[in-house]
Amino acid sequence: MQLFSHDDKADALKRAPLFQNLSRGELVELAKLTEDMEVEEGKVLAREGDLGSEFFVIVDGEVAVTKDGRDLRRLGSGEFFGEIALIWDSPRRTATVTAATPVRFFVLTRQAFRSLIDHHPDIERNVLEALEERVHATEGEES
């Protein structure tokens, strides 16, 4: 079931720092691999401590992010979570994410992402460059 156009998804993916270095064409290729979903309020999308293998982009609605049972923040339209699951094998979810309202979103799985970068090394290179930039920025904040 397709809820969102590939162009809309490409626009949303561009906002994720991990994909900021991708061309429009690469973003559209990535968007084609995603799955559109809708869930009702109360549905857990990611559970703290569980293995993660999906990256989520919220299109409509709001999710609550909790850690150790404490409210951390809310995420809404245009926001995303789970990008670490695309890069590292066996990442544990660092927080629980629950639909606070009915939510419409799309998901990119690690398997689909890996399949794409296996065939497009330039996409992998751009993603790794963006990841390196984020790591350097974080190290600079800690100094």
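User: Hi! How many bridges join strand 1 to strand 8?
Analyst: Five bridges do, and the two strands run antiparallel. Strands here are DSSP runs of E with at least two residues, while helices are runs of H or I with at least four, both numbered from the N terminus. Strand 8 covers residues 103–109. This is a predicted model, where local features need pLDDT of at least 70 and side-chain atom pairs count only at pLDDT 80 or more, while totals for chains, interfaces and linings use all residues. Residues are numbered from 1 along each chain as its sequence is written, and side-chain values use heavy atoms, with hydrogens and water left out.

User: Which residue of strand 8 stands opposite Glu35?
Analyst: That would be Val107.

User: And what is the order of the strands in the sheet?
Analyst: The order is 1-8-3-6, an open sheet of four strands with antiparallel pairing. Strand 1 (35–39) and strand 6 (80–81) are at the edges with a single partner strand each, so one side of each has no neighbour in the sheet. Two strands count as paired if DSSP finds at least two bridges between them.

User: How many bridges join strand 3 to strand 8?
Analyst: Six, again with the strands running antiparallel. Within that pairing, Ile58 has Phe105 of strand 8 as its bridge partner.

User: Is strand 8 mostly covered or mostly open?
Analyst: Mostly covered: five of its seven residues are buried. Buried means under 20% relative accessible area, exposed means over 50%, and partly exposed is in between (1.4 Å probe, protein chains only).

User: New topic: how many aromatic pairs are there?
Analyst: A search of the whole structure finds six. Phe4 and Phe106 form a tilted pair, because their ring centres are 6.3 Å apart and their planes meet at 55 degrees. For the cut-offs, rings of Phe, Tyr and Trp (its six-membered ring) pair if their centres lie within 6.5 Å; planes under 30 degrees apart are stacked, over 60 edge-to-face, and the rest tilted.

User: Where in the chain do Phe4 and Phe106 sit?
Analyst: Phe4 is in the segment before helix 1 (6–14) and Phe106 is in strand 8, 102 residues apart. Both of these residues are buried. Another tilted pair is Phe55 with Phe80, at 5.7 Å centre to centre and 50 degrees between the planes. Phe55 belongs to strand 3 (residues 54–60) and Phe80 to strand 6, 25 residues apart.

User: Which residues do ring pairs link into a cluster?
Analyst: Phe19, Phe55, Phe80 and Phe113.

User: What sits over the ring of Phe106?
Analyst: The charged end of Lys9 does, 5.6 Å from the ring centre. The test asks for NZ of Lys or CZ of Arg within 6 Å of the ring centre and within 35 degrees of the ring normal.

User: Which residues of helix 1 are buried, then?
Analyst: Lys9, Ala10, Ala12 and Leu13 are buried there.

User: What do the buried residues of helix 1 pack against?
Analyst: Helix 2, strand 1, strand 3 and strand 8, with contact meaning heavy atoms within 4.5 Å.
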